[in-house]
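This report describes selected helix contacts and individual residues of one protein model.

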Amino acid sequence: MNDSTKNIIKSTAPILKAHAEAITTQMYKILFAKYPETQTLFKDASPEQSKKLAAAVYAYAANIDKLENLTKGIEKMASVHVKSNILPKHYPMVGDALLQAIKSVLGDGATDEIMSAWEEAYGFLADVLIAKEKELYLKG
Ligand code: HEM
């Protein structure tokens with residue numbers, strides 16, 4: 001991720017914080033409508049889940065240039081994901097839904113530049129989680 005991408009992500013962090021729950025609510029709506037096969041993965045999910053994901057997205061945006069601050073959170077997310085049988089193939093589905101949700105909440109503010117920065121940032125975080133989860137799956 002280059003500095004320009006990171007700066008765009010950081011500049012959108014406060015907007016995401018303000019709309020975090022709207023974004024995640026919207027994201028789940030899109031995810032389950034477009035990829036109904038993901039619904040069973042959330043069957044044991046706590047009602048707090050959408051708040052946690054919202055908080056994670058904001059924390060990620062705010063810490064994009066100091067990702068070491070997120071190490072603990074990433075470990076926790078990966079271990080919860082492994083317990084829920086999340087696989088690499090699910091990441092593009094969530095990514096698609098999340099980006100669409102961000103776009104709809106930002107409205108006219110969702111410029112191509114902002115959207116491609118988010119696409120890249122999501123891909124980066126997804127790769128980190130996928131790698132961590134692979135380690136955990138291999139450990140068994
Ligand atoms: C970069 C992408 C993702 C982020 C930032 C993220 C974030 C989170 C966070 C913060 C939690 C809560 C962890 C805790 O309880 O402390 C969580 C749990 C969970 N995530 Fe993700 N996640 C991502 C991708 C995915 C994908 C691709 C799926 C599958 C479609 C998924 C499904 C779940 C499920 C089922 C839980 C457990 C819910 C529960 O039992 O309450 N996540 N995720």
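## Residues of helix α6

Val128 is found in helix α6. The model under discussion is a predicted one. Val128 and Ala78 stand 50 residues apart along the chain, and their C-alpha atoms are separated by 9.4 Å.

Helix α6 comprises residues 112-139 and also contains Lys132. The relative accessibility of Lys132 is 18%, so this residue counts as buried; the limit for that class is under 20%. When residues up to four places away in sequence are not counted, Lys132 touches Glu75 and Ala78.

## The contact between α4 and α6

How do the axes of α4 and α6 cross, and within what distance do they come? The two axes cross at roughly 60° and come within 9 Å. α4 is therefore oblique to α6, and the crossing in which α4 passes α6 is right-handed.

On the side of α4, the contact is made by Ile74, Glu75, Met77, Ala78, Ser79, His81 and Val82. On the side of α6, the residues are Leu125, Val128, Leu129, Lys132, Glu133, Leu136 and Tyr137. By class, the residues of the contact of α4 with α6 divide into nine nonpolar, two polar and three charged.

## Helix α4 and the iron atom

Which residue is the only protein donor of the iron atom of the ligand? That donor is His81, through its atom NE2, at a distance of 2.0 Å. His81 lies in helix α4, which spans residues 71-83.

Thr71 is another residue of helix α4. Its relative accessible area is 42%, and Thr71 is therefore partly exposed. From C-alpha to C-alpha, Thr71 and Glu135 are 15 Å apart in space, while 64 residues separate them in sequence.

## The loop between α4 and α5

His90 has its place in the loop between α4 and α5. Is His90 buried or exposed? At 10% relative accessibility, His90 counts as buried, because that value is under the limit of 20%. Leaving aside neighbours within four places in sequence, His90 is in contact with Leu41 and Asn85.

## The contact between α2 and α5

Helix α2 covers residues 20-34 and helix α5 covers residues 91-106. These helices pack at an angle of about 135°, and their axes are 8 Å apart. An angle over 145 degrees would count as roughly antiparallel, and one of 65 to 115 degrees as roughly perpendicular; α2 and α5 are therefore oblique to each other. α2 passes α5 in a right-handed crossing.

The residues of α2 in this contact are Ala22, Ile23, Gln26, Met27, Ile30, Leu31 and Lys34. From α5, the contact involves Met93, Val94, Asp96, Ala97, Leu98, Gln100, Ala101, Ile102, Ser104 and Val105. The residues of the contact of α2 with α5 divide into 12 nonpolar, three polar and two charged.

Key: Residues numbered from 1 in each chain as written. Predicted model: local features only at pLDDT ≥ 70, side-chain atom pairs only at ≥ 80, totals over all residues. Heavy atoms only, no water. Axes fitted to C-alpha atoms, helices over the stretch in contact; angles between N-to-C directions. Helix = DSSP H or I, 4+ residues; strand = E, 2+ residues; numbered from the N terminus. Parallel < 35°, antiparallel > 145°, perpendicular 65-115°, else oblique. Left-handed = near helix turned anticlockwise from the far one by under 90°. Contact = heavy atoms within 4.5 Å. Nonpolar A, V, L, I, M, F, W, Y, C, P; charged D, E, K, R; others polar. Donors = N, O, S within 2.8 Å, 3.2 Å for Na, K, Ca; no water. Buried < 20%, exposed > 50% of the residue type's maximum accessible area, 1.4 Å probe, protein only.
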